[in-house]
Amino acid sequence: MAVRLRDDLNNHHFVLLYAYNGTGKTRLSMEFKNISKERKKNPVTDTLYYNAFTEDLFHWNNDLENDTHRHLIINKISRFFEGFRELALEEKIFNFLERYADFDFKIDYDKWIITFNKGEDNNPIKVSRGEENIFIWCIFLAIAELAIDDDGNGPYNWVKFIYIDDPISSLDDNNAIGVASDLAKLLKKGKDKVKVVISSHHSLFYNVMYNELKKIEHKSHFLHKNGTDGYILRATDETPFFHHVAILAELDKVSKNGNINTYHFNMLRAILEKTSTFFGYDDFSSCFKTVEDDVLFSRALNLLSHGKYSIYQPVEMNEDNKDLFKKILKAFTDKYEFQLPEIFA
């Protein structure tokens with residue numbers, strides 16, 4: 001898969017990859033990074049990446065003894081920080097950070113620690129997990145900007161690819177849109193300098209990135225785990241999609257081919273819960289108001305979605321439950337008329 005993504009970038013500036021959690025996006029990003037080292041038999045990579053490993057380059061000292069001097073410790077031996085001290089990135093980082101947060105920070109390059117404070121109070125504070133993640137993300141953006149602007153003589157002149165995996169797992173939707181828009185602006189500026197892969201399970205972030213970059217040469221894929229049979233990679237072409245639409249497309253497919261497993265009831269229940277929340281209903285059963293057999297459908301979903309059914313250990317439904325599943329799905333999609341992309345064609 002990593003080789004495939006690099007091949008895509010031979011003729012495109014960007015690759016967008018949508019995949020659910022648990023599909024293996026982080027492992028894929030590391031394999032992508034390692035390919036250049038294996039091909040050139042060189043311990044140095046050509047990829048600047050952001051993923052769970054990037055976040056792990058920082059860890060907290062919470063001063064458990066005095067409960068006062070809390071600070072974030074930087075793993076200074078990482079190549080990620082190659083130009084950190086010399087370039088004094090505070091201003092660049094803050095230019096990004098002030099768009100998403102209201103705290104300030106100070107970097108001690110002798111001790112390789114970061115302290116945070118708010119307002120006029122200079123006492124060190126511990127920021128929330130979400131604030132920490134957005135701060136680390138802003139550090140990455142500052143370094144990515146340096147790599148894009150590098151004239152060939154700077155500390156990040158080795159960057160040929162940027163791989164970004166799920167940068168906004170702790171952000172609300174408003175910040176997700178802001179992060180996607182700012183990232184797209186930066187990447188469009190550097191489209192002739194670096195090639196970029198972006199993978200995410202966050203449907204809103206993915207959709208904004210797609211719409212921001214769709215006029216530039218790119219490839220977009222949906223990576224789907226096919227039960228115990230491996231993976232399916234599908235081009236999304238001109239149809240960006242949300243998580244619930246992708247799931248409905250899958251449910252529509254299995255409804256037609258009859259390969260309906262027990263966990264599909266859980267997936268259908270999840271869609272109904274999201275729909276009821278969107279329309280302001282207090283219960284998913286409200287989605288079946290005015291639908292014949294609404295009481296039967298609601299009771300069936302309540303009963304059949306409570307099992308601990310796993311996509312990794314699929315169990316096929318009996319024929320009666322298959323028929324019931326088809327009727328419930330048809331009643332729902334007939335009422336709400338979703339446009340389902342042909343991503344499983």
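Reader: Is Trp112 buried or exposed?
Author: Trp112 is buried, with a relative accessible area of 10%, where buried means under 20% relative accessible area, exposed over 50%, and partly exposed in between, using a 1.4 Å probe and protein chains only. This is a predicted model, in which local features need pLDDT of at least 70 and side-chain atom pairs count only at pLDDT 80 or more, while totals for chains, interfaces and linings use all residues. Residues are numbered from 1 along each chain as its sequence is written, and side-chain values use heavy atoms, with hydrogens and water left out.

Reader: Where does Trp112 lie, and what is its phi?
Author: Trp112 lies in the loop between β5 (104-108) and β6 (113-118), where strands (E, at least two residues) and helices (H or I, at least four) are DSSP runs numbered from the N terminus. Its phi is positive, at about 55 degrees, although Trp112 is not a glycine. Most residues other than glycine have a negative phi.

Reader: And Glu337, is that one buried or exposed?
Author: Glu337 is exposed, with a relative accessible area of 66%, and it is found in the segment after α12 (319-336). Glu337 also has a positive phi, near 50 degrees, and is a residue other than glycine.

Reader: Changing topic, what order do the strands of the open sheet take?
Author: The open sheet has 6 strands in the order β2-β8-β9-β1-β10-β11, with mixed pairing, and two strands count as paired if DSSP finds at least two bridges between them. The edge strands, β2 (47-50) and β11 (231-235), each pair on one side only. From one strand to the next, the twist averages 15 degrees, with axes being lines fitted to C-alpha atoms, for helices over the stretch in contact, and angles running from 0 to 180 degrees between N-to-C directions.

Reader: How many bridges join β1 to β10, and how many join β1 to β9?
Author: Strand β1 (residues 14-19) is joined to β10 (residues 218-225) by 6 bridges, and the two run parallel; in this pair Val15 stands opposite Lys219. Strands β1 and β9 also run parallel, with 5 bridges joining them, and there Leu17 stands opposite Ser199. Further along, β8 and β9 pair in the parallel sense over 5 bridges, with Tyr163 opposite Val197.

Reader: Why is β9 described as largely enclosed?
Author: Of the 6 residues of β9, 5 are buried, so the strand is largely enclosed by the rest of the structure.

Reader: Which strands does α8 lie across?
Author: Helix α8 lies across β1, β9 (195-200) and β10, and runs at about 155 degrees to β1. This helix, residues 203-213, is mostly covered, since 9 of its 11 residues are buried, among them Phe205, Tyr206 and Leu213.

Reader: Back to the whole protein, how many helices and strands does it have, and where is confidence lowest?
Author: The protein has 12 helices and 11 strands, and its average pLDDT, the predictor's confidence in each residue from 0 to 100, is 84, with 91% of the residues scoring at least 70. Confidence is lowest in helix α4 (residues 84-87), at a mean of 78, and highest in β8, at 95.

Reader: What share of the residues is buried?
Author: Buried residues make up 50% of the 345 residues.

How values were computed
Contact = heavy atoms within 4.5 Å.
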